[in-house]
Amino acid sequence: MDGVRLIARFLGPYRRDFLLAVLCVAAETSLELFIPILMAQVVDQGIMAADLHVVLANGALMLLCAAAALALGLAYARFSARAAMGLGANLRAAEYAHLQTFSFANIDDFEGSSLVTRLTTDVTVVQNALVTGTRPLVRGPSALVAGIVYAFVMSPELAVVFCVVVPLLAVAMFSVVARVAPRYRVLQRAMDQLNDALQEDLAAIRVIKAYVREGHVAERFAAVNEHLADTATRTFRTAVLNVPILQGAMYATSVAILLFGGQMILAGTLTVGAFTGFMSYVLQIVNSLMMISNVFLMLARAVTSVERVSEVLAEEPTLVSPPGALTDVPDGSVVFDHVCFKYAQDAEKDVLSDVCLDISAGSTVGVLGGTGSGKTTLVQLVARLYDVTAGAVRVGGHDVRAYDLAALRDAVAVVLQKNVLFSGTVRENLAWGDADATDEQMLEACRLARADEFLERIGGLDGVLGQGGAGVSGGQRQRLCIARALLKHPRVLILDDSTSAVDMATDAAIRENLARLAGVTKIVIAQRVASVMDADKIVVLDDGRVHACGTHEELLATDPIYQEIYESQVGSGISGEVS
Ligand SMILES: Nc1ncnc2c1ncn2[C@@H]1O[C@H](COP(=O)(O)OP(=O)(O)OP(=O)(O)O)[C@@H](O)[C@H]1O
């Protein structure tokens, strides 16, 4: 029922088309049911009574019925296609819009590939069910009921055969549907896995080629592909069982009716015309049962897909703005107050444990630490990309959970470790930072991020970037991403290893430019000591805890981990560039 409500809701303005499609099928069905009656009259009152007038008149009526049924069939195709395609577009739009409200945690829950299947294949399954299922859904039951009623009217004795056949067939077909329905969820899950493998391989195509791993990924893809094919074969092998069951039933019924009907004709209790008409009802009843079983199979699959679509639409975003949210971030101060965090509620260990930090507005803070020590996790909490598990993060003196999400994220610009640009011009990409920025403002941001160095070479602000920002190098992409963040005029600027692909001299020049941004708090995650040694404060993270905090000189004098990082870089010759 929930599925029906969902479909009714998302049909929206296409509900009219859907209703018209149903009316067309209903009218078409009643016309077709009328034809056997006319046929019986042709045989009994026309051929047997040698009355040509009855044959011609009824023949003309039969042609008229057939032509009207054809017109209604065409109209049905048009209305149902419009309703189904409209429904599909509405469902995809609603899912996509809802997806935009998802937090990272929501997306982690679903997995990206499953979301893709739920927006594409699942919607197509629902669409197809509507466009090809409405006709048999309306025709099947009405043709069945009408066929049985007409058969009883023509010959109640003969029609008793149906009282035996129809219930037996119904039980057989429902058991087929009951076995197949649960398999559809497994099938869609296998489809998710195929999408997952395909997406990962396409995204990593350069790495695959660089490591000459084409054979390995082809094997992995073959395995998921085979799993999908196996699951589909097992599902549809059971589904097609209803065809032999129905055909067997049709022949058995025909034989029984020929046997009993023949005896009745010989005994003079049934006319040949009534018998001919009766035989066409046998076909009609069995056909309608076939339609009903097919439509049930189709619906079983569509129900699975509707459920998967509903799961996306019903997912509650884990991060929302509170009622009466603050819309102004007064300053760029950042406080971590006994913050604990873990990604999964049931995870045993915290990723961040009891982190306390006090970062004053306008200061520069460097964050260092080993791989997996929690640096990225720490800064993501400032822009409320995740919520703390315990404690609080305060920006501008207020808990981040008190702010309107958009206002907070406007004030806290994060240049993530995985920098992403989009296909389009450089100007379009920079406009993500400030849609109203003038060319001068964009060029100034590029100058601060040292993107001006290569901007002319890629065609200036009108230079076109390929999908995912293709067409610029890693270091160039990082600089454009910094420029984009600067255009937001943030109160807090977070750079998560954002200059890792930039050479030392450019890195130093960028730092120098950023240091001049008065009033902007800068939190810089870096692997190189050189990138953070001038900071007002350096935080050393170790296994999710603040191991030490101080200036470069203080840490160099007191902290063994900092000394070790510094020494390792001095040893590798980085110190020369550092100093
Ligand atoms: N989305 C996620 N779901 C579950 N665990 C995660 C997720 N992201 C990170 N982690 C785990 O949290 C821990 C800290 O990761 P984080 O990315 O914050 O470390 P990091 O210090 O930034 O590392 P690196 O220097 O390699 O970028 C790691 O153990 C990582 O496996």
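The UniProt annotation "transmembrane region" (unreviewed entry) covers residues 18-43, 55-77, 137-153, 159-181 and 281-300. UniProt positions follow the numbering used here, feature names are shortened, and annotations may be inferred rather than shown by experiment. Residues are numbered from 1 along each chain as its sequence is written. The model is predicted: local features need pLDDT of at least 70, side-chain atom pairs count only at pLDDT 80 or more, and totals for chains, interfaces and linings use all residues.

**Exercise 1.** Determine the secondary structure and end separation of residues 18-43 and of residues 281-300.

*Solution.* Step 1: helices (H or I, at least four residues) and strands (E, at least two) are DSSP runs, numbered from the N terminus. Step 2: residues 18-43 are 100% helix and 0% strand, with end C-alpha atoms 39 Å apart. Step 3: residues 281-300 are likewise 100% helix and 0% strand, and their end C-alpha atoms lie 28 Å apart.

**Exercise 2.** State how the chain divides into domains and how far apart the domain centres lie.

*Solution.* Step 1: the bounds come from an automatic or database domain assignment, which gives domain 1 (2-314) and domain 2 (334-578). Step 2: the C-alpha centres of domain 1 and domain 2 are 56 Å apart.

**Exercise 3.** Describe how helix α3 (residues 52-99) and helix α11 (residues 272-314) cross, and identify the residues in contact.

*Solution.* Step 1: the two axes come within 9 Å and cross at roughly 35°; axes are lines fitted to C-alpha atoms, for helices over the stretch in contact, and angles run from 0 to 180 degrees between N-to-C directions. Step 2: Leu-91, Ala-94, Glu-95 and His-98 of α3 meet Val-309, Val-312 and Leu-313 of α11, where contact requires C-beta atoms, placed from the backbone, within 7 Å. Step 3: by class, this contact has 5 nonpolar, 1 polar and 1 charged residues; Ala, Val, Leu, Ile, Met, Phe, Trp, Tyr, Cys and Pro count as nonpolar, Asp, Glu, Lys and Arg as charged, and the others, Gly among them, as polar.

**Exercise 4.** Classify the shell around the ligand.

*Solution.* Step 1: the shell divides into 2 nonpolar, 8 polar and 2 charged residues. Step 2: its largest share, 3 residues, comes from helix α12 (residues 375-382).

Technical notes. Two residues are in contact if their C-beta atoms, placed from the backbone, lie within 7 Å.
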